[in-house]
Amino acid sequence: MKRSLDIRIKTKDEIEILREAGLILAKIVHEIQCSLMIGQTTREIDALVEALIQRNNVLPAFKGYRGFPACACISVNEEIVHGVPGNRVFKNGDIVSIDIGIIHRQYYSDMAVTIGVGELSSSCRKLLDVARQALFKGIAFAQNGGRLGDISHAIQTYAESKGFSVVRDFVGHGIGKQLHEDPEIPNYGHAGTGPILRSGMVLAIEPMLNMGGYKTKTLKDGWTVITADRKPSAHFEHTVAVTEQGPVVLTEYSDITNPV
Ligand code: MG
């Protein structure tokens, strides 16, 4: 029997804290995005993420999570998600997924972007554009009274219409006082199915799109997930609140207040 879902409805005050958290995280991601260079290692980027987390008086959500050793998941080219920072050096034409989670006043925020290093191939540029757009296609359906499957369906149909596949083995999630709350948010599925979305739900929506097939493989480190066919993969994620006024992207970058 399927267990019943426990989808937490957040109060306005809680969403306010989640917005603060999202703003801090978006600035950290922005800073990393601006500093990524050919020749750096994934470990150096993780060290910068850790420094930015400390400077902003928040806590890393991933470090120590089920034993994960770093503050950021950094996944290059054929790596889809959960890449462990180490000695891999960025080369011209790489695409790099940076996924960071933080805890601010006991609430979690989660965000990922995929960034090109140097000059990208036109196929990688298209993959990044479509993956970013797929996230926003999904976010548009994070509507009070809608269904979770509407988000999944929008992401899948858009991605596949552009010739990419959608990873099945990893999904988005609810988020709040826990990093991973109900519901799971697949990036594939049928419109009009799944739980009804309500104002106050907060969702981490995170499409992972592959240039080849959707099958995955986990490396011996127990974390890094790669495409089974070794073709490139891209990943974008936002933490999004469902509100009476529509979806609100809590991890949207804004430079109106002080920079990190
Ligand atoms: Mg996530």
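This is a predicted model: local features need pLDDT of at least 70, side-chain atom pairs count only at pLDDT 80 or more; totals for chains, interfaces and linings use all residues.
Biologist: What makes the chain agree with a compact globule?

Modeller: Its radius of gyration does. With 260 residues, a compact globule would come near 18 Å, and the chain has 17 Å, so the two agree. The C-alpha atoms fill a box of roughly 45 × 40 × 35 Å along the principal axes.

Biologist: How much of the chain counts as buried?

Modeller: Of its 260 residues, 53% do. The cut-off is under 20% relative accessible area.

Biologist: What share of the contacts comes from residues 24 or more positions apart?

Modeller: Such pairs account for 71% of the contacts with a separation of 6 or more. As for secondary structure, the chain has four helices and 15 strands.

Biologist: Take helix H2. How does its reach compare with the span expected?

Modeller: H2 covers residues 42–55, which is 14 residues. From first C-alpha to last, H2 reaches 20 Å, close to the 20 Å expected at 1.5 Å a residue.

Biologist: Which residues of H2 are buried, and why are they said to line one face?

Modeller: They are Thr 42, Ile 45, Asp 46, Val 49, Leu 52 and Ile 53. Seen down the axis of H2, these buried residues fall within an arc of 120 degrees, so they line one face. An α-helix has 3.6 residues a turn, so residues three or four places apart point the same way.

Biologist: What do the buried residues of H2 pack against, and what sits on the face turned away?

Modeller: They pack against helix H1 (12–35) and strands S1 (59–60), S2 (72–76) and S4 (95–104). The face turned away from the buried side carries the exposed residues Gln 54 and Arg 55. Just after H2, Asn 57 takes a positive phi of about 55 degrees.

Biologist: Why is Ser 97 called buried?

Modeller: Ser 97 has 1% relative accessibility. Buried means under 20%, so Ser 97 qualifies. Ser 97 lies in strand S4.

Biologist: What makes the pair of Ser 97 and His 235 a polar contact?

Modeller: Their side chains make the contact at 3.4 Å. The limit is 3.5 Å between N or O atoms, so the distance passes. Leaving aside neighbours within four places in sequence, Ser 97 is also in contact with other residues, including Cys 73, Ile 80 and Val 113.

Biologist: How do you know which residues are donors of the magnesium ion?

Modeller: Distance decides. Asp 110 (OD), His 173 (NE2), Glu 206 (OE) and Glu 237 (OE) lie 2.2 to 2.3 Å from the ion. The cut-off here is 2.8 Å, so these atoms count as donors. In sequence the donor residues are spaced D-x62-H-x32-E-x30-E. Glu 206, in the loop between strands S9 and S10, and Glu 237, in the loop between strands S13 and S14, are 31 residues apart and link distant parts of the chain.

Biologist: Why are Glu 206 and Glu 237 called buried?

Modeller: Glu 206 has 7% relative accessibility, so Glu 206 counts as buried. Glu 237 has a relative accessible area of 0%, so Glu 237 is buried too.

Biologist: What makes Ser 254 buried?

Modeller: Its relative accessible area is 16%. That is under 20%, so Ser 254 counts as buried. Ser 254 lies in the segment after strand S15 (246–249). Not counting residues up to four places away in sequence, Ser 254 touches Leu 23 and Lys 27.

Terms used
Residues are numbered from 1 along each chain as its sequence is written. Side-chain values use heavy atoms; hydrogens and water are left out. Helices (H or I, at least four residues) and strands (E, at least two) are DSSP runs, numbered from the N terminus. The expected span of a helix is 1.5 Å times one less than its number of residues. Buried means under 20% relative accessible area, exposed over 50%, partly exposed in between (1.4 Å probe, protein chains only). The arc is that of the directions from the helix axis to the C-beta atoms. Contact means heavy atoms within 4.5 Å. A polar contact is a pair of N or O atoms within 3.5 Å; within protein, one must be able to donate a hydrogen and the other to accept it, and residues adjacent in sequence count only if both atoms are side-chain atoms. Donors are N, O and S atoms within 2.8 Å of the metal (3.2 Å for Na, K and Ca); water is not among the atoms, so sites may look incomplete. The radius of gyration is taken over C-alpha atoms; the globule rule is 2.2 Å times the number of residues to the power 0.38.
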